[in-house]
Structure formats: C-alpha cells, structure tokens
Protein chains: 4
Amino acid sequence: MPDQLRVTVWNEGRHEKKNAQIAKLYPDGMHAAIAAYLQACGDLDVRTATLDEPDHGLGGDVLPTTGVLIWWGHMAHHEVKDAIVDKVCARVLDGMGLVVLHSGHYSKPFRKLMGTSCSLKWREAGEKERLWVVEPGHPIVQGLGEYIDIPHEEMYGERFDIPEPDALVLISWFAGGEVFRSGCCFRRNKGKIFYFRPGHESYPTYHHQGVLKIIANAVRWAAPVPGPDVFFGNFKPLEKLETA
Amino acid sequence: MPDQLRVTVWNEGRHEKKNAQIAKLYPDGMHAAIAAYLQACGDLDVRTATLDEPDHGLGGDVLPTTGVLIWWGHMAHHEVKDAIVDKVCARVLDGMGLVVLHSGHYSKPFRKLMGTSCSLKWREAGEKERLWVVEPGHPIVQGLGEYIDIPHEEMYGERFDIPEPDALVLISWFAGGEVFRSGCCFRRNKGKIFYFRPGHESYPTYHHQGVLKIIANAVRWAAPVPGPDVFFGNFKPLEKLETA
Amino acid sequence: MPDQLRVTVWNEGRHEKKNAQIAKLYPDGMHAAIAAYLQACGDLDVRTATLDEPDHGLGGDVLPTTGVLIWWGHMAHHEVKDAIVDKVCARVLDGMGLVVLHSGHYSKPFRKLMGTSCSLKWREAGEKERLWVVEPGHPIVQGLGEYIDIPHEEMYGERFDIPEPDALVLISWFAGGEVFRSGCCFRRNKGKIFYFRPGHESYPTYHHQGVLKIIANAVRWAAPVPGPDVFFGNFKPLEKLETA
Amino acid sequence: MPDQLRVTVWNEGRHEKKNAQIAKLYPDGMHAAIAAYLQACGDLDVRTATLDEPDHGLGGDVLPTTGVLIWWGHMAHHEVKDAIVDKVCARVLDGMGLVVLHSGHYSKPFRKLMGTSCSLKWREAGEKERLWVVEPGHPIVQGLGEYIDIPHEEMYGERFDIPEPDALVLISWFAGGEVFRSGCCFRRNKGKIFYFRPGHESYPTYHHQGVLKIIANAVRWAAPVPGPDVFFGNFKPLEKLETA
C-alpha cells in the first residue's frame, strides 16, 4: 500500500524491562501499545524502534523512509548517539514529522531542534490531569471533546522553557496547582513537530483512547508535504525587469 | 458523493459585465474560471454565487452547507448587505473556511474578522510580481516550486494593516520596489482564513496554473475540522479533587 | 510634566454604586483604586472616566491625548455608544495602548478589535486562582515572582474565543478544574492591546499588589511608539532600478 | 552610571584587516563604527570584542556583565570556540539580549539558538535594497520612515531557514527579484534575539543612519528584563485547595 503514511514509534524501552509494574501495563513496551493503536487506524504503516537495537533501530533506510517519527525517552537520553540525533534532526528539517511524547521533552533531538533547555517543573504524585482544548478548529483535536481527563499522571508545570509554539492546542490543569502547555506545534524548516505531554511510564496513559486519538491526529498533521525544493546558495537575478 | 468538500466561489461579478476586455478574459466571470479548476480537481463539490443574485447567492442553505467560501469583491463592497456579512462571519467562527482573494482584503467580512483597516498601498502598472514561498513545508504550497511569476499584475505593497498572521506562507516582490505578505493564514475560533493576494480583474491571473493550485491547496487546508463542541457560559467545577 | 505617559482608566462604575458590599471594597470605584496605584508610580499621568459621564468621559480631547486606555465593563456593555466605540478602536489602530480587564473581554471595543466572539466559561464560586508566568522575559512580568495567588476570584475557563495572541504571558489555574489564557498580548496596527483576566467586582483584586504591578507594567509596554507615518493608497514606483 | 545598559559589540574583525577597501570604509573595524554610534546615544555603555582576542574578547566578566551582545561574523564562524558559543547561548537563555547582524545568520550561537540551518540565498551584485517596515508600532522602528533604502548591498533571499519569528518587523526588497525577512524578533527563554540583515563588509552600511538607528532601537528592545526567577525540577503542590 504505497499511499500509506509510514510511522516509526521510537521508545527507549528500558522501564518496561526493569520494572515489573510497568511491564504489566505495557508487556511489549509503550511503543507496542502506541503502534497497535496506530496500525489499527488503517491508514498508517507502523513499525517500532528502540534504544537497544543497533543504531537504536534507526539505521539503514529506516529514517529516510519514515514519514513521521514518534519519540519517547526518559532515563537514557544521554545514551542516544549524537550521530543518530543529527540524522533525526536533519530528517525533520527535510520534512519528516516528529511527535515528541512526555519525558521526550528532554531528549537530545527535541532540545537541539528547540534551541532552549526544555526544562520544566515535575512531581510524581499520581494526581489528576485535565487537558483542555484551546484551539477547537485544529486538526489535532479532531473527534475529541472539550477536555480529556487522565485520573493519575505525573505533573509537569510551567515555566516550560520552549520557544513560543506556532500553535498552542492543549493546556493541562493539575490537581496540585499547576498548568502546562501540553500540546504544542512547531515548524522547523519543512518538518512539523508536535510536543504532547501525557505518558508517564507508571500509568496506563497509552491505553487512554483520547490520548491515543490525539497521537494519531498529530501523526497525520505532521505528515510530510511535497513542497518546493529549496535552493540555498549563490542565486541569479531576474534577467529583465519589465518596468525598467 | 457525500465525502466531497463543498466549496462556494463568491464573486462580485460586476467588472466582467461592464468591461469588454475583462469579459474577454473571463467570459463567465472570474468565479467561473476558479470554479472550473476546482471542480476538475475531483475531490471538491463546487458552486458559485454572485452579488446580484437574491441574498447575494448566499441565502437558504448555501452558507450552512458550504465547507469553504472563496471571496472576490472590489467595486461594490458597500453593496454587500450587513445581514449577509454577519452570517458569513458567524459561519467562519463556527468552522467554515474562508479564502479571501486580492481586493477582497477590503471586503466587509474580512475587515470584520480581522478587526483592523486592512488598508495597503497599490498601483496599477501591469508590473511583474514574483511570489516567494517562505514556508516550504506548509500544505498550501504543496506541489509548487520556490516561486511563482506573474508577468503583469496590480501592485499591493506594505504596510498591509492586518493582525500578525498565524502563518506567513508567501511574500510578493514587485518590479516597482514593493513587498507584500501575499499568503497569510489566520484562525478565528473554529474557522481558517487564507488571504491570497493575486487576481486583479484586468489580467488573466485566474488562468495561471500556480495561482489556481494555491487556491485549491488553500481550500483543502481551510476545510472544517469536526472538533469539540465548545460550551460557553456558566460551568460546573470538577466535583472531587483526587489530591484533596 | 510633558514626558509622562498619559493613562485614562475607564470603568463602567455601576456595580460600586448599586451594591453596598462592592462599594465597601471600592468606595470611589475600581477605577479610583487602579488610578491611585498608577499615579503613585511616579512616571504616569493618570485620569479616570466612567460610563455615566457625558460621552462616557471620553469626549473632547480625552481620547486624542490618552496614551494608554484601561477598560473595565460588565453589566452595561450594550450602553456604550457605538460612536465612542469606533473612536476608541480608531485610536488603538493609530497607536493608543489598550489594557482590557476581566469582564471587559465582552466589551464592544475588545470584540470589535478581535473579530471573534470573545466568549468563555465562567463560575462565581470565590475559588482560588493561581496565575502562572509562562514568559519570564516579557516586560509585563517585570518584578514579579513565578506566580500570583488570588485567594478568591470568579473563574474564567477555556475555550476563550480570541485570535491566537502575539504573546501569551500568563495562564491561570482555578481550583475547580479550569485553565485560562489570562495575560494575552495583541498588536492591531500601531496599537498594543493587553487582555488581563483578574478583577471580579466582588473581590478586592484591585488592591492586590501583584495584580496592580502587572497592570502598571502592561501600561508601560502598551505605550505608543513614534513609528513611521504609514501611507495607504496609490503609490509611486522606484524611478530607476539600479540593476536594469 | 550604573543605570546604563551595557552593550558589547562583537566582530570577527578579519575582513577589515585583510582587505584595503574594507579597511578604508571601516578603519577601526565595523564594531568600532557601530560602537561609536551607540556610545553617542548617551544611554548606552558600549565596549567591543573581537575574534582574535583571548577568549574572543568574551572571557572573564564580559559576558556576565553584558546586557545586550551584538554579533557580526562571516569567514571564520568555525574558529569560534564551542565553549564560548555555549556561554553565549546560556547567557541569552538567562536574559541577555542578542542582536545578530547580516552574515551572523550562519554563526554558531544563532544556529544553535534557532535549531535550524539558517541557510538562505545570496548574491554579491551591489544591488539596491529597500527595507520595508511591516510593523509600524514596534519599538524597533521608532523614529524611522516607512522604508530604508540602501543603494548597494549584498542580496539575501528567501527561503531563509529560521523558525517563524515571534514578530516580523522588516521585509527587504532587492532589485534583482528577491524578498527577505530582514528584521526578525525571537524570544528564547528570558533572552530576546533580533536578527537584522544589512551589513555586508564591502559597503558603508554601518555608516547609514537608518541602519544604525534600528540597531540602537533593537539594543534597547532586547535589554534584559528583571523577571521572575524560574524554578525547574521537583515541585511541591498547593497544600490546601480551597474548594475541597
């Protein structure tokens, strides 16, 4: 099916191996849960990749043939090789979509593409999160209600040190007193980036239908666009100006 | 074909009747030229409407069943009835896309939705216009090259008094010394608006394949999104806060 | 003192006359409380105006000599004369700053300048509001901490139907479960507009030092800039193009 | 004078030493020409720094005591040490303003802060540039007319691979057929960044009064703001929710 958008779900994949409770939530890893949902959508061609595979599963023709890359990382950001990070960023600038999940805010590719620290406040208290839609006409919230409730999540709070998003689609409310820009769109050259907050490893967030729907919508929004080939460098003038 | 996006091409339709040279370029009006191109795309269901029809051709179920409205007006902006303007603006806030062409910058619906004067500089000298793509990853420039040349056009120049666009996709260069933000995206509540500069009535601009392709891309980009139903008014609190 | 920025604090001024409890909080009206703080800053020349004065206190040379206008209205938006609204909006486009407070979101000038409904959710439950700074480098949050707590306020919740702000500086958290874009910057032609959420008439919000400091900062940020005189209309070309 | 804003003008400083014609235009280097203008403004405390000084002139307390840094580089971007680049970027995120001039678009600090390639088109043909003001209410164009003409400059043309600016203030027109986003504002954490296009070393651009005025305005706009101290990390909840 050549017309399907090719999606690669990348996951660090360590928590699920080291912690029995997390393994119970995600027996095949968070990437598998996300990939299963996306594959079942019918319009997406989905594969997965993880940190501990050779080249982190992103070697060969994987990146060149990926339309949208999803990224989850946390405890091992520093183990991601710079050469791979550079390739991911180059592919984004060349048009590949990137959906960065939760603790991926601190991943090397996201920080490099943002140019800021991407730091934030956090708290692990299993508290309630309510994500409010602030742009109801945006394709990323297609088919959703006005808000999504997640009963138990890690808190992320402002100040979130990112450049001002090109569009701010979701803002989270946390029971403990914080707010967070939870759905943020960025364009970086030809590539679209969506940062989406939820997804701490110790909660069943990637089994939540609203969360999964937003990820699927974001993947379609971030699909590469066959736009102009851009020329950079020494450029020739218009040979003749009509008004001259 | 229930899945097709319904497009209404609105045109003042006066120049083509009053001026023989313009009638030669557009025997059935500019709206007919644009509609023919869009209809031939295959994925759009296109109709037209003009100022001199009852209710300007926008009465009954026309607006409620229109997904994207295209608007060209110039000499008779003041003849457009305020009641119709209010309906157009309400439909945009409710999700209908709006593509405003050329002198439509000064139309009542566009000015009302922008909240500014929408004034600009202009010159009728038939000079060369080159439209540069500044956002090559945007869906509106899909399938285009880095620029479009229009051999003869009316000049529009900055300062263009609009709110800062949510995305700036095209900037025009004119032989006489001006620049202009020619492709501007705005969201207003659930509706998407694209202002697109070219299209003076005395030039064959709406027979230009690049111009037509951008209009078609803009129509698809501005298609309504079935997002959340938004509630406004007195709202109840979360009944129980888990951390309490 | 010719160098001082001239500020006019406009208030509907009805609640304070009709309700004894509100009158106790603001014996001379909310405008007087705000004006007193601003005047004490030392760098501002402050006057007030209210709905029930002739021309709502904005006739003669008041608007032409006002650098920044602050606007609070609620129960009598519809009593503000359209001719005055038009003058206020014209002055904003010409460079006057506008700081819109609380229920002023639904005032005629703000809605006209935004082009949207400016609707929102609300609840009068005297609940806690915490305003988080999301742009710590913005001049409007100069001298503040990371957040401001207001013990009791009316709730405003998203979706707030405004165009995407040019800068989003503050987001509110409410105890009952909502978030709100509480500090929003807009430019409309030469004028700067700041919408600032807090200030329900039945709470002592305009005696809160953090709230008052933000209003003073916003006034200075919104001060008119002596920028270029902009020409709109028929414009002449560069006479000679050097490369020709 | 402790209240003066401290400005450091950084210049590569090589062209002026190697090329007699450039040395004639700028006997003490471009940095000296810019610094002399800024110092004469009266409200700025100006020093200079160049590549060939120890630590590129940015060691010791220079960066910590700089309020706004101006950056011009071209032929030796690669010679700027990464350790210094990291310090410059960290200072920007901490609130130092950064004004990047002309070929500084390709400097290490600017590219790192943008996260994109910052590539563009260029042509050395000594052609006419006209810079149009597109935001006449912005402080950076204070005291200017609607456009600035530079008789002879290097051409820079779109696509300019930068993130969408937070504000676009100036757009250039070039005689040979190009346009360019020439005055671009960005916020990156607490720091403000202004990219300003003009200033090829072989033309007397930094003796042009309009260009110098924009640089001075940009310096004042980019001045650090004493905003909130931001906490990042594990954060405590509100202890008691009033509505509970």
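User: What stands opposite Trp122(B) in β10(C)?

Analyst: In this predicted model, the residue of β10(C) that stands opposite Trp122(B) is Asn234(C).

User: What makes β5(B) and β10(C) a pair of strands?

Analyst: Two strands pair if DSSP finds at least two bridges between them. Two bridges join β5(B) to β10(C), so the two strands qualify as a pair. Their direction is parallel.

User: Which elements of chain C give two or more residues to the side that touches chain B?

Analyst: The contact as a whole takes 32 residues from chain C and 32 residues from chain B. On the chain C side, the elements giving two or more residues are α5 (108–114), β5 (121–133), β8 (179–188) and β10 (233–234). Of these, β5(C) gives the most, with four residues. By class, this side of chain C divides into 13 nonpolar, 10 polar and nine charged residues.

User: Why are chains B and C described as related by a two-fold rotation axis?

Analyst: A rotation of 180° places chain C on chain B with an RMSD of 0.0 Å, and the shift along the axis is 0.0 Å. The two copies are therefore related as by a two-fold rotation axis. In chain C, the residue that comes closest to this axis is Gly115(C), whose C-alpha is at 2.5 Å.

User: Why is it said that chains B and C meet through the same surface?

Analyst: The comparison is between the interface residues of the two copies: 100% of those of chain C are also interface residues in chain B, so the copies meet through the same surface.

User: What rotation superposes chain B on chain A, and which residue of chain B has its C-alpha nearest the axis?

Analyst: A rotation of 180°, with 0.0 Å of shift along its axis, superposes chain B on chain A at an RMSD of 0.0 Å. The C-alpha of chain B nearest that axis belongs to Asp166(B), at 3.7 Å. Here too the surface is shared, because 100% of the interface residues of chain B are also interface residues in chain A.

User: How many residues of chain B are in contact with chain A, and which element gives the most?

Analyst: There are 34 residues of chain B in contact with 34 residues of chain A. Both β5 (121–133) and β9 (191–196) of chain B supply at least two residues of the side that touches chain A. The greatest contribution comes from β5(B), with four residues. This side of chain B has 14 nonpolar, 11 polar and nine charged residues.

User: What makes Val99(B) stand out in the largest nonpolar core?

Analyst: That core has 150 residues, and Val99(B) and Val99(D) are those with the most contacts inside it. With neighbours within four places in sequence left aside, the residues in contact with Val99(B) include Val68(B), Ile70(B), Phe194(B), Phe196(B) and Ile215(B). Another core, of 149 residues, lies apart from the largest one, and has among its members Ala33(A), Val219(A), Val134(C) and Ala222(C).

User: Why is chain A called as compact as a globular protein of its length?

Analyst: Chain A has six helices and 10 strands. Its radius of gyration is 19 Å, whereas the globule rule gives 18 Å for 244 residues; the two values are close, so chain A is as compact as a globular protein of that length. The C-alpha atoms of chain A fill a box of roughly 70 × 40 × 35 Å along the principal axes.

User: How many of the residues of chain A count as buried?

Analyst: Of its 244 residues, 59% count as buried. Among contacts in chain A with a separation of 6 or more, 70% are between residues 24 or more positions apart.

Terms used. Residues numbered from 1 in each chain as written. Chains lettered and ligands numbered in written order. Predicted model: local features only at pLDDT ≥ 70, side-chain atom pairs only at ≥ 80, totals over all residues. Least-squares fit on C-alpha atoms with pLDDT ≥ 70 in both. Contact = placed C-beta atoms within 7 Å. Nonpolar A, V, L, I, M, F, W, Y, C, P; charged D, E, K, R; others polar. Core = buried A, V, L, I, M, F, W, Y, C linked by C-beta atoms within 7 Å. Buried ≥ 20, exposed ≤ 12 C-beta atoms within 10 Å, placed from the backbone. Rg over C-alpha atoms; globule rule 2.2 N^0.38 Å.
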